[in-house]
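The following exercises are to be worked with the sequence and the coordinates at hand. Each task is followed by a solution in steps.

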Amino acid sequence: MSRVYNFSAGPAVLPEEVLKEAAEEMMDYRGCGMSVMEMSHRSKMFQQIIDDAEADIRTLLSIPDNYKVLFLQGGASQQFAAVPMNLMVNKKACYIQTGQWAKKAAQEAKLYGDVHIVASSEDKTYSYIPDCSDLPIDDDADYVYICENNTIYGTKYKTLPNTKGKLLVSDVSSCFLSEPMDITKYGVVYGGVQKNVGPAGLVISIIREDLIRDEVLPGTPTMLKWKTQADNGSLYNTPNCYAIYICGKVFKWLLNNGGLSEMQRKNEEKAALLYDFLDSSKLFKGTVRKEDRSVMNVPFITGDEELDAKFVAESKAAGMENLKGHRTVGGMRASIYNAMPKAGVEKLVSFMEDFEKKNLK
């Protein structure tokens, strides 16, 4: 069976080159006679794998020396708790609510302190990014929290919030490594890798060193203390070895293909193909305010639920998988991450054009 074009929001498409390399090494990694999945995380060989992965992501993002890179388990959702546990010195934080994941993060943080929702786009089903130029940020707030790219709703911050000098924490799960970032603008950046970087089961956290401290909230589990993980080079316990190995290969793939500036160019080119069609279509409509559109996740509708279902079924039959929108939103959604080839987006647009001709009343 030939490979489909996989538009899943996550776990998501990975570069074929990486999958082929991993397949070749599945039974025997570089002559050691075993798979990485069977390898001790305490071995010199795995230490080299994780060291290389860290070095490469540092190169990709130009991560300063005073930031730690941690490879953690529990996904981004576990960091919803780890962030307040490690940062809520004054037990107060400001959250900007632009979608389901930011809302869930805020709800989790409320278990540990006072959470102020300083801006929200819930009033219009999270279809835009609110104005964050002059937010009512408390003087004693420990941090300001955002979800930078909203996978379900297809919005993306084009300008970071004015935090008025407060620490910025960002969940970048669905835009991670899709474009260059200035890490120095953040105190903490983290992302589940299953959308744009690797297989499910791993979250990468990039944390400024002064925020990795002994003083955490009472009752914080040893495993959720960033200092525990940082002091042990992400090897306090057995990490997700295979996911780290695959991420390392994706980092190499990105470096070998022009780095993040080139990836941003390709991603914007792919997204423009789809958005240009949506803007001219008489049947399909994008659901996001134009200036806030995500390059990674593109939701769209016909306005007719039966027609939406027909589109999803027929696109699947044509070799395009996972175009159904999130259950909380409906419609369709195309996630066009780094590894989605331009040909996949071209096929989708061509299919949409044909579908429109056949179904426009």
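Contact means heavy atoms within 4.5 Å. Helices (H or I, at least four residues) and strands (E, at least two) are DSSP runs, numbered from the N terminus. The model is predicted, so that local features need pLDDT of at least 70 and side-chain atom pairs count only at pLDDT 80 or more, while totals for chains, interfaces and linings use all residues. Residues are numbered from 1 along each chain as its sequence is written, and side-chain values use heavy atoms, with hydrogens and water left out.

**Exercise 1. Determine which residues of H3 and H4 meet, and describe the crossing of the two helices.**

Step 1. On the H3 side the contact consists of Ser77, Phe80, Ala81 and Pro84, and on the H4 side of Trp101, Lys104, Ala105, Glu108 and Ala109.

Step 2. Sorted by class, the residues of this contact are six nonpolar, one polar and two charged. Here Ala, Val, Leu, Ile, Met, Phe, Trp, Tyr, Cys and Pro count as nonpolar, Asp, Glu, Lys and Arg as charged, and the others, Gly among them, as polar.

Step 3. The axes of H3 (residues 75–87) and H4 (residues 100–109) then come within 9 Å and cross at roughly 45 degrees. H3 is therefore oblique to H4; angles under 35 degrees count as roughly parallel, over 145 as roughly antiparallel, 65 to 115 as roughly perpendicular and the rest as oblique.

Step 4. The handedness of the H3 and H4 crossing is right-handed. A crossing is left-handed if the near helix is turned anticlockwise from the far one by less than a right angle, and right-handed if clockwise.

**Exercise 2. Characterise the packing of H2 with H6.**

Step 1. H2 (residues 44–61) packs on H6 at an angle of about 40 degrees, and their axes are 9 Å apart. H2 is therefore oblique to H6.

Step 2. The crossing of H2 past H6 is left-handed.

Step 3. H2 contributes Phe46, Ile49, Ile50, Ala53, Asp56, Ile57, Thr59 and Leu60 to the contact, while H6 contributes Cys241, Ile244, Tyr245, Gly248, Phe251, Lys252, Leu254 and Leu255.

Step 4. The class count for H2 with H6 is 12 nonpolar, two polar and two charged.

**Exercise 3. Characterise the packing of H7 with H9.**

Step 1. The axes of H7 (residues 259–280) and H9 (residues 342–359) come within 9 Å and cross at roughly 10 degrees. H7 is therefore roughly parallel to H9.

Step 2. Glu269, Lys270, Leu273, Leu274, Phe277 and Leu278 of H7 meet a set in H9 that includes Val345, Leu348, Val349 and Met352.

Step 3. The contact of H7 with H9 holds eight nonpolar, no polar and six charged residues.

**Exercise 4. Which residues touch the most other members of the largest nonpolar core?**

Step 1. A nonpolar core is a set of buried Ala, Val, Leu, Ile, Met, Phe, Trp, Tyr and Cys residues joined through side-chain atoms within 4.5 Å. Buried means under 20% relative accessible area, exposed over 50%, partly exposed in between (1.4 Å probe, protein chains only).

Step 2. The largest core has 61 residues, and Leu61, Leu177, Ile204 and Ile206 touch the most other members. The element that gives the most to this core is H6 (residues 241–256), with 11 residues.

Step 3. With neighbours within four places in sequence left aside, Leu61 contacts Phe176, Leu177, Met181, Ile183, Ile206 and Leu260.

**Exercise 5. Examine the backbone at Pro11, Arg30 and Lys91.**

Step 1. The peptide bond between Gly10 and Pro11 is cis, with omega about -5 degrees. Pro11 belongs to the loop between S1 (5–6) and H1 (16–24).

Step 2. Arg30, although not a glycine, has a positive phi of about 50 degrees. Arg30 is in the loop between H1 and H2 and is exposed, at a relative accessible area of 58%.

Step 3. Lys91, also not a glycine, has a positive phi of about 55 degrees. Its loop runs between H3 and S3 (92–97), and Lys91 is partly exposed at 45% relative accessibility.

**Exercise 6. Is Cys175 buried or exposed, and what does Cys175 contact?**

Step 1. Cys175 is found in the loop between S8 (168–171) and S9 (188–192). Its relative accessible area is 4%, so Cys175 is buried.

Step 2. Beyond neighbours within four places in sequence, Cys175 contacts Glu148, Asn149, Lys156, Asn196 and Met296.

Step 3. Asn150 is 25 residues from Cys175 in sequence, with 8.8 Å from C-alpha to C-alpha.

Notes:
Axes fitted to C-alpha atoms, helices over the stretch in contact; angles between N-to-C directions.
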